[in-house]
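Reader: Please walk me through this model in questions and answers. I would like each answer to end on the value or name I asked for.

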Amino acid sequence: MAHGGASLVAGRVEPGLATVAVNLGRAAAGALLFALPMLMTMEMWSLGFTMDRLRLALLLVLTLPLLVGLSHFIGFEATFAWRDDVRDALVALAIGTVTAGGLLWLFGVIESEMSADTIVGTVALQAVAASIGALLAQSQLGGDGQERRRWQPGYGGELFLMGVGALFLSLNMAPTEEMVRIAFQLSAGRELALAILSIVAMHAFVYAVNFRGQRQPPAESTPLGLFLRFSVAGYAVVLVVSSYMLWTFGRLDGLGGAEMVSAAVVLAFPGAIGAASARLVL
């Protein structure tokens, strides 16, 4: 086949060079689009200098299986085995790293006289969001009538996608001081109200307000069962993701148990919106 087309190898359709170039360009655009708010935020620059390196390393280690899972559902191209998803995850991570590093250098955030540890820390933190954006670009920016999903997720897959949506918004907000400050301002009643509002918003976004991509409930499901299995369980996933992100950025250090729960509930509000949005658009 010509380079602009596709070839058939061992029963599989291999993309041509033109298709590969388009996919990589789309991934770079997605990395830029999704990571730009973090790339131009001073708090994120500072964290690159000061963040605990073990926590940063753990975040990077956990990012890879997350990208593999995303590639399984939505990636650059059709994949046929987990090794293809691993390959695409590594490509997305590389694109995210190059995009983040290039822009941070252009913005003057990283300079050649800085230590290698500081440069690596700053770029690695930003590369997490950029690599997620690189893989999400197919669903958000894809054209030519391509399907947004190659595999319809089961129940576990739906919870996974909700976790990805929560993680993405949490990455932008967990590093800020406002999350803990709002938590200290909340009374117990307002904290409970915020948690209820988060769950109701998750449910309404997906099933009630007729957004594009709204999910159709399974035929055998009851309204209560649907609410408990997806919205309440999804909120539990969001709380776990929110707590982890706050811990990663050191926002839970020195807090008591009640304060930690309050901070997680505050961050889980935008996390819940992200989780619901992920089910609609991914």
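**Helices, burial and enclosed space**

Author: Helix H4 has 25 residues, which at 1.5 Å a residue should span 36 Å, and its end C-alpha atoms agree, being 36 Å apart. The expected span of a helix is 1.5 Å times one less than its number of residues. This is a predicted model, in which local features need pLDDT of at least 70 and side-chain atom pairs count only at pLDDT 80 or more, while totals for chains, interfaces and linings use all residues. Residues are numbered from 1 along each chain as its sequence is written, and side-chain values use heavy atoms, with hydrogens and water left out.

Reader: How many helices and strands does the protein chain have?

Author: Helices (H or I, at least four residues) and strands (E, at least two) are DSSP runs, numbered from the N terminus. From the N terminus on, the elements run β-β-α-α-α-α-α-α-α-α-α-α. The count for the protein chain is 10 helices and 2 strands.

Reader: What percentage of the residues of the protein chain count as buried?

Author: Buried means under 20% relative accessible area, exposed over 50%, and partly exposed in between (1.4 Å probe, protein chains only). The chain has 282 residues, and the share that counts as buried is 46%.

Reader: Is Asp 84 buried or exposed?

Author: Asp 84 lies in helix H4, residues 82-106. Val 68 is 16 residues from Asp 84 in sequence, and their C-alpha atoms are 8.9 Å apart in space. The relative accessible area of Asp 84 is 5%, so Asp 84 is buried.

Reader: Which residue just after H4 takes a positive phi?

Author: Within H4 the buried residues include Asp 85, Asp 88, Gly 96 and Leu 104. Just after H4, a positive phi of about 80 degrees is taken by Gly 108.

Reader: What distance separates the C-alpha atoms of Ala 27 and Ile 95?

Author: Ala 27 is placed in helix H1, residues 17-39. Because its relative accessibility is 1%, Ala 27 counts as buried. Ile 95 is among the buried residues of H4. Ala 27 and Ile 95 are 68 residues apart along the chain, and their C-alpha atoms are separated by 7.3 Å.

Reader: Why does Ser 187 count as partly exposed?

Author: Ser 187 lies in the loop between helix H7 (178-185) and H8. Its C-alpha atom is separated by 9.4 Å from that of Ser 262, 75 residues away along the chain. Ser 187 is partly exposed because its relative accessible area is 36%.

Reader: Which helices do the buried residues of H8 pack against?

Author: Helix H8 (residues 188-207) has 20 residues and reaches 29 Å from its first C-alpha to its last, close to the 28 Å expected. Its buried residues include Leu 194, Ile 199, Met 202 and Val 206. Contact means heavy atoms within 4.5 Å. The buried residues of H8 pack against helix H6 (155-173), helix H9 (223-248) and helix H10 (257-281).

Reader: What volume does the largest cavity have?

Author: On a 1 Å grid over the protein atoms alone, a cavity is a set of points where a 1.4 Å probe fits but cannot get out, and a pocket is an open set with protein on both sides within 12 Å along at least five of seven lines; lining residues have an atom within 4 Å of a point. Grid points are joined across faces, edges and corners, and a volume is the space filled by probe spheres set on the points. By this rule there is 1 cavity of 30 Å³ or more. The volume of the largest cavity is about 40 Å³.

Reader: Which helix gives the most to the lining of the largest cavity?

Author: The lining includes Met 162, Met 202, His 203, Phe 230 and Arg 279. The elements that give two or more residues are H8, H9 and H10. The most, 4 residues, comes from H8.

Reader: Which helix gives the largest share of the lining of the second largest pocket?

Author: This pocket holds about 250 Å³ of space. It is lined by 13 residues, and those nearest its centre are Leu 62, Leu 66, Leu 167, Val 241 and Tyr 244. Helix H3 (53-73), H6 and H9 each give two or more residues. The largest share, 5 residues, comes from H6.
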